[in-house]
Amino acid sequence: MSTWANLGLQDSASPLMEQLIFFHDHALLILVMITVLVGYLMFMLFFNSYINRFLLHGQLIEMIWTILPAIILLFIALPSLRLLYLLDEINEPSVTLKSIGHQWYWSYEYSDFNNIEFDSYMIPTNELATDGFRLLDVDNRVVLPMNSQIRILVTAADVIHSWTIPALGVKVDGTPGRLNQTNFFINRPGLFYGQCSEICGANHSFMPIVIESVPVNYFIKWIS
Ligand code: CUA
């Protein structure tokens, strides 16, 4: 989870989030290089004293500074498209979780196992345990097996919500009347915190998501 002074991304807990971090660093590096170059050129313009009264056009340099940025943009666009389609890939999920957004809590259904269903509410500050995380912990956690492909179906009952877990690289809108799908693979055990990220009303900030990632045999024990 994110704590104080964490300005970057959270540590990844899934292969897709790892790829997202790599892409972020790659794009940021290109951005920094462009900013430094353009900044240097703009700064140096102040000290330029070369004047050419007969200069009206320079077709070669215009060709270069039109095509070169286009090629640089391709270095961002192609990896971006690769990731976009990778995120959309569904690889034979072993568990399907359905999460439904409500004002203002999430409810979950495990349709594969006897239709287990429950609501997940944020724990209010005055009822929080001493080791609990304020505005982040919930009464009923989503338990999921690690090292397995998990499919999630997201929808909403009233207004648009968004099921977002930064460490897993998941962010899916829950929209009334629609069923959105995505998948992920958790590669370590632990608690992963998330929040609704679609402005959904007065208590938008108070419908967090907690995923408890456990080994598969623990999950089977929990589900039965
Ligand atoms: Cu639900 Cu914001």
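Below, we go through the domains, a few residues and the backbone in turn.

User: What should I know about the model and its numbering before we start?
Analyst: It's a predicted model, where local features need pLDDT of at least 70, side-chain atom pairs count only at pLDDT 80 or more, and totals for chains, interfaces and linings use all residues. Side-chain values use heavy atoms, with hydrogens and water left out, and residues are numbered from 1 along each chain as its sequence is written.

User: How far apart do the C-alpha centres of domain 1 and domain 2 lie?
Analyst: Domain 1 covers 13–86 and domain 2 covers 93–221; such bounds come from an automatic or database domain assignment. Between their C-alpha centres, the separation is 39 Å.

User: How much area do domain 1 and domain 2 bury between them?
Analyst: Start with contacts, meaning heavy atoms within 4.5 Å: 6 residues of domain 1 are in contact with 10 residues of domain 2. Buried area is the accessible area (1.4 Å probe) that two parts lose on being put together, summed over both. Carbon and sulfur atoms carry 56% of it here, and the figure for domain 1 and domain 2 is about 590 Å².

User: How many residue pairs are in polar contact between domain 1 and domain 2?
Analyst: A polar contact is a pair of N or O atoms within 3.5 Å; within protein, one must be able to donate a hydrogen and the other to accept it, and residues adjacent in sequence count only if both atoms are side-chain atoms. With both residues at pLDDT 80 or more, the count between domain 1 and domain 2 is 3.

User: Which residue forms a salt bridge with glutamate 212?
Analyst: The rule wants a side-chain nitrogen of Lys or Arg within 4 Å of a carboxyl oxygen of Asp or Glu. With the closest N and O atoms 3.3 Å apart, the partner of glutamate 212 is arginine 141.

User: Which residue's backbone oxygen does the side chain of serine 213 reach?
Analyst: Serine 213 sits in strand E10 (residues 209–214) and counts as buried, because its relative accessibility is 4%. Among the residues it touches, not counting those up to four places away in sequence, are Leu144, Met146, Ile186 and Phe192. At 2.9 Å, its side chain reaches the backbone oxygen of arginine 188.

User: Which residue does a cis peptide bond join to glutamine 103?
Analyst: Most peptide bonds are trans. Here omega is about 0 degrees, and the residue joined to glutamine 103 is tryptophan 104.

User: What is the phi of glutamate 92?
Analyst: Glutamate 92 lies in the loop between helix H2 (59–87) and E1, and counts as exposed at 74% relative accessibility. Most residues other than glycine have a negative phi. Although glutamate 92 is not a glycine, its phi is positive, at about 35 degrees.

How values were computed. Helices (H or I, at least four residues) and strands (E, at least two) are DSSP runs, numbered from the N terminus. Buried means under 20% relative accessible area, exposed over 50%, partly exposed in between (1.4 Å probe, protein chains only).
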